[in-house]
Amino acid sequence: MLRLILGPRRACNKSNILAELLIQMIYPNPRHLRAFVALADTGSFSLAAEAVHLGQPALSQAIAKLEDVVGVRMIERTTRSVRLTPAGEEFLVQARWVLEAYERMMLRGTEWAQLRRGRVELLTVPSIAHRLLPALVREFTTAHDGVSIALHDHADPILRQRLERGEADLAILTQSGPASSPTLLPFLRDRFRVVLPRHHPLASKSTIESSQLAGERLILLRRGALLRSYMDAAISGLPFAQEPIEVDQSSTLVGMVEAGLGVSLLPALSCPSPALKSVVSRPLERPEVSRILAFALPPDREPMPAVQAFVRSAFDYLGGNLDQLPEGCELLPASAQRVRKFLAARAAAPSVRSARPVKV
């Protein structure tokens, strides 16, 4: 221990510096170091005790403990003064360095706790990334400008694989397990709608039943895509005169509808913006099909304060801006107790099962 503290400071990498710092913080502890530095600065036990908010007996005990741990006398006491021994003078240089590093370390930790520093790696399905996250991220980072958010939008199966591997702090995915699962926090119901050209005869209706699509050419995502299972749930059992056109991307699907090649089904968050005048969407009824979007945490990881704050901020923002949700989306409120339970859950790896359509 004495060699580590009093020996010359060697060139070393960051990990060695950290290891040495941690050893020095254990023996002696920062309270003893502060007492020693105050005594060296003031040259007086009474002034040093006042500076570190200790009684003189406690200060004397701290110095004695420090000398005992180090194994060498560092303070010479006389009736008129207090001065450092040669060992004490060299120790003082390292003590100041350790205390400065300790204060920096504690400050960094406090900044994370107080949301002045942090980072959120967020996985999300693309429709959320496109329609809702810009507003959520803007709201959160405006309030916490020291926290950065990195977004990664993926198809649901890839998203789940990355979450299982612990490659993110938080995910927004399609709920596949029971609503009561403590590892998921549902927050949005996203209903499916019929997407069709503006001048299509069905565009004049306020709602469309699936049976009214029997004579239409459907444009669907290719089998294997998560949203295709929801589409199939909506049109199950209907007779079709023409085989559906299958595509890989929702944007391609919308382009086909815009070109007048057929009609389609999409969740509200994936439907074209009303600003696209050539394509409209109408609510699907009988059956009504919807997906539930939920927050999910990676397995066996404690959510950092920034992650907790982002989840709460999302509920607050969406609850205060319901009029900005796309038509067909419904906020699923969560009590403060439910949010706390979710954030406290230390989950096993989440299921990678495909999400089941909610069919009414």
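A residue is taken here as buried when its relative accessible area is under 20%, and the model to which this criterion is applied is a predicted one. By this criterion 8 of the 10 residues of helix α10, which spans residues 226-235, are buried, so the helix is largely enclosed by the rest of the structure. The buried positions comprise Leu226, Leu227, Arg228, Tyr230, Met231, Ala233, Ala234 and Ile235. Just after α10, Gly237 adopts a positive phi of about 85°.

In soluble globular proteins, nonpolar side chains tend to be buried together. In the present model, the largest nonpolar core contains 48 residues, and those with the most contacts inside it are Ile128, Leu133, Phe187, Leu188, Phe295, Phe310 and Val311. Helix α12 (residues 305-320) gives the most to this core, contributing 9 residues. Apart from this core lies another, of 31 residues, which includes Val194, Tyr230, Ile245 and Val257; Tyr230 is also among the buried residues of α10. When residues up to four places away in sequence are not counted, Leu188 touches, among others, Ile128, Leu132, Leu269, Arg291, Glu330 and Leu332.

The largest pocket has a volume of about 670 Å³ and is lined by 26 residues, of which Pro126, Ser127, Leu227, Ser250 and Ser270 lie nearest its centre. Two or more lining residues are given by each of the elements α7 (126-131), α9 (156-164), α10 and α11 (250-258), and α7 gives the most, with 4 residues. The lining divides into 13 nonpolar, 9 polar and 4 charged residues. Leu227, one of the residues nearest the centre of the pocket, is likewise one of the buried residues of α10.

Terms used:
Residues are numbered from 1 along each chain as its sequence is written. This is a predicted model: local features need pLDDT of at least 70, side-chain atom pairs count only at pLDDT 80 or more; totals for chains, interfaces and linings use all residues. Side-chain values use heavy atoms; hydrogens and water are left out. Buried means under 20% relative accessible area, exposed over 50%, partly exposed in between (1.4 Å probe, protein chains only). A nonpolar core is a set of buried Ala, Val, Leu, Ile, Met, Phe, Trp, Tyr and Cys residues joined through side-chain atoms within 4.5 Å. Contact means heavy atoms within 4.5 Å. On a 1 Å grid over the protein atoms alone, a cavity is a set of points where a 1.4 Å probe fits but cannot get out, and a pocket is an open set with protein on both sides within 12 Å along at least five of seven lines; lining residues have an atom within 4 Å of a point. Grid points are joined across faces, edges and corners, and a volume is the space filled by probe spheres set on the points. Ala, Val, Leu, Ile, Met, Phe, Trp, Tyr, Cys and Pro count as nonpolar, Asp, Glu, Lys and Arg as charged, and the others, Gly among them, as polar.
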